[in-house]
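Subject: Structure handover

Hello,

Here is the structure I promised to pass on. Please open it first, then read my notes below.

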Amino acid sequence: MMNVESVTAGDAARAKVRRMSRILVIEDESRISDFVVRGLTEEGYRVEHAADGLAGWTAMQSNQWDLILLDWWLPGEDGIHLLRRFRQKNRSTPVMLLTARDAVPQRVEGLDAGADDYMCKPFSFEELLARVRVLLRRPGQDSLTLEYSDIKADLASQRVSRGGQPIDLTAKEFLLLTLFLRNPGVVLSRTRIFDGVWGEQYDGSSNTLEVHIKELRRKLEAYGPRVIQTRRGSGYMLDAAPGDEV
Ligand code: CA
């Protein structure tokens, strides 16, 4: 959810792009479709859902979509068949396949059938969002950059800089940073960060999160003061002027 006080010109521009974007989600597992539809709607996209292959095919044909998220295995007709038929009709709408299949031959089959991208379940919402943004970018449209203080993260190229100095991050560190950049001044609980970056439940025993925070801080702090603050007992917060710890 966007905090009104934190809306910048960049946020407004991104929100405008999102408002214009219509996304069709074809997925029969309600556990996944609920989470994806709710999350994308909260991000400002216009989202519709079809729960089987037949309803999916009708929706694919009857409307103009900016992006289609398509499950591979569907009752009625499989996503991969829908995709082939769609491409045979010369429809060029970007399609992202959602599937538990992650073996290389299936990936190739999906891409050969005309998928633009491929997401293996379970996936983190942050990663889905990052890929959705890339697929929704149109030629001539400005690349989407998240900024906070002197830190910049370009979502398409995944380039990060601080004070103009490039910073090399791993994929997980990039997701972690963008989660903070999208929520400046908000305390993010370990549960929320874990869900957002790893797509998993935080069981409280692993130090994976602490290790990644430490490494991200080390890289960011090579070019400036600490911006990722610890809020003991509650989580972490992006804040350039931290004040007293609460
Ligand atoms: Ca399915």
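Two strands are taken as paired if DSSP finds at least two bridges between them. Please keep in mind that this is a predicted model.

Parallel sheet

On that basis, five strands form an open sheet with parallel pairing, in the order E2-E1-E3-E4-E5. Strand E2 (46–50) and strand E5 (117–120) are its edges, and each pairs on one side only. On average, neighbouring strands here are turned by 20 degrees against each other, direction ignored.

Look at the pairing of E1 and E3. Strand E1 covers residues 22–26 and strand E3 covers residues 67–71; four bridges join them in the parallel sense. Leu24 has Ile68 in E3 as its bridge partner.

Two helices to check against this sheet come next. Helix H4 (residues 79–88) lies across E1, E3 and strand E4 (95–99), and runs at about 145 degrees to E3. Helix H6 (residues 125–136) packs on the sheet and touches E3, E4 and E5. The direction of H6 makes about 170 degrees with that of E5.

Cores

The largest nonpolar core has 28 residues. Ile23, Ile26, Ile68, Leu69, Leu70 and Met96 have the most contacts inside this core. Two or more residues come from each of E1, helix H2 (30–42), E2, E3, H4, E4 and H6. A second, separate core has 25 residues, including Leu177, Phe180, Val197 and Val227. In soluble globular proteins, nonpolar side chains tend to be buried together.

What does Leu70 touch, leaving aside residues up to four places away in sequence? The contacts are Ile26, Gly79, Leu82, Leu83, Val95, Met96, Leu97 and Leu98.

Antiparallel sheet

Another open sheet has four strands in the order E6-E7-E8-E9, with antiparallel pairing. Its edge strands are strand E6 (145–148) and strand E9 (165–167), each pairing on one side only. Neighbouring strands in this sheet are turned by 25 degrees against each other on average, direction ignored.

Strand E7 (residues 151–154) pairs with strand E8 (residues 160–162) over three bridges, in the antiparallel sense. Ile151 stands opposite Arg162 in E8.

Helices H7 and H9

Helix H7 (residues 171–181) and helix H9 (residues 208–220) have axes that come within 10 Å and cross at roughly 80 degrees. H7 is therefore roughly perpendicular to H9, as angles of 65 to 115 degrees count as such. Lys172, Glu173, Leu176 and Leu177 in H7 meet His212, Glu215 and Leu216 in H9. By class, the contact of H7 with H9 has three nonpolar, one polar and three charged residues.

Val108

Val108 and Tyr118 are ten residues apart along the chain, and their C-alpha atoms are separated by 9.9 Å.

Whole chain

The secondary structure comes to nine helices and twelve strands. The chain has 246 residues, of which 28% count as buried. Among contacts in the chain with a separation of 6 or more, 56% are between residues 24 or more positions apart.

Best wishes

Terms used: Residues are numbered from 1 along each chain as its sequence is written. This is a predicted model: local features need pLDDT of at least 70, side-chain atom pairs count only at pLDDT 80 or more; totals for chains, interfaces and linings use all residues. Axes are lines fitted to C-alpha atoms, for helices over the stretch in contact, and angles run from 0 to 180 degrees between N-to-C directions. Two residues are in contact if their C-beta atoms, placed from the backbone, lie within 7 Å. Angles under 35 degrees count as roughly parallel, over 145 as roughly antiparallel, 65 to 115 as roughly perpendicular and the rest as oblique. Ala, Val, Leu, Ile, Met, Phe, Trp, Tyr, Cys and Pro count as nonpolar, Asp, Glu, Lys and Arg as charged, and the others, Gly among them, as polar. A nonpolar core is a set of buried Ala, Val, Leu, Ile, Met, Phe, Trp, Tyr and Cys residues joined through C-beta atoms within 7 Å. A residue is buried if 20 or more other C-beta atoms lie within 10 Å of its own, exposed if 12 or fewer, and partly exposed in between; C-beta atoms are placed from the backbone.
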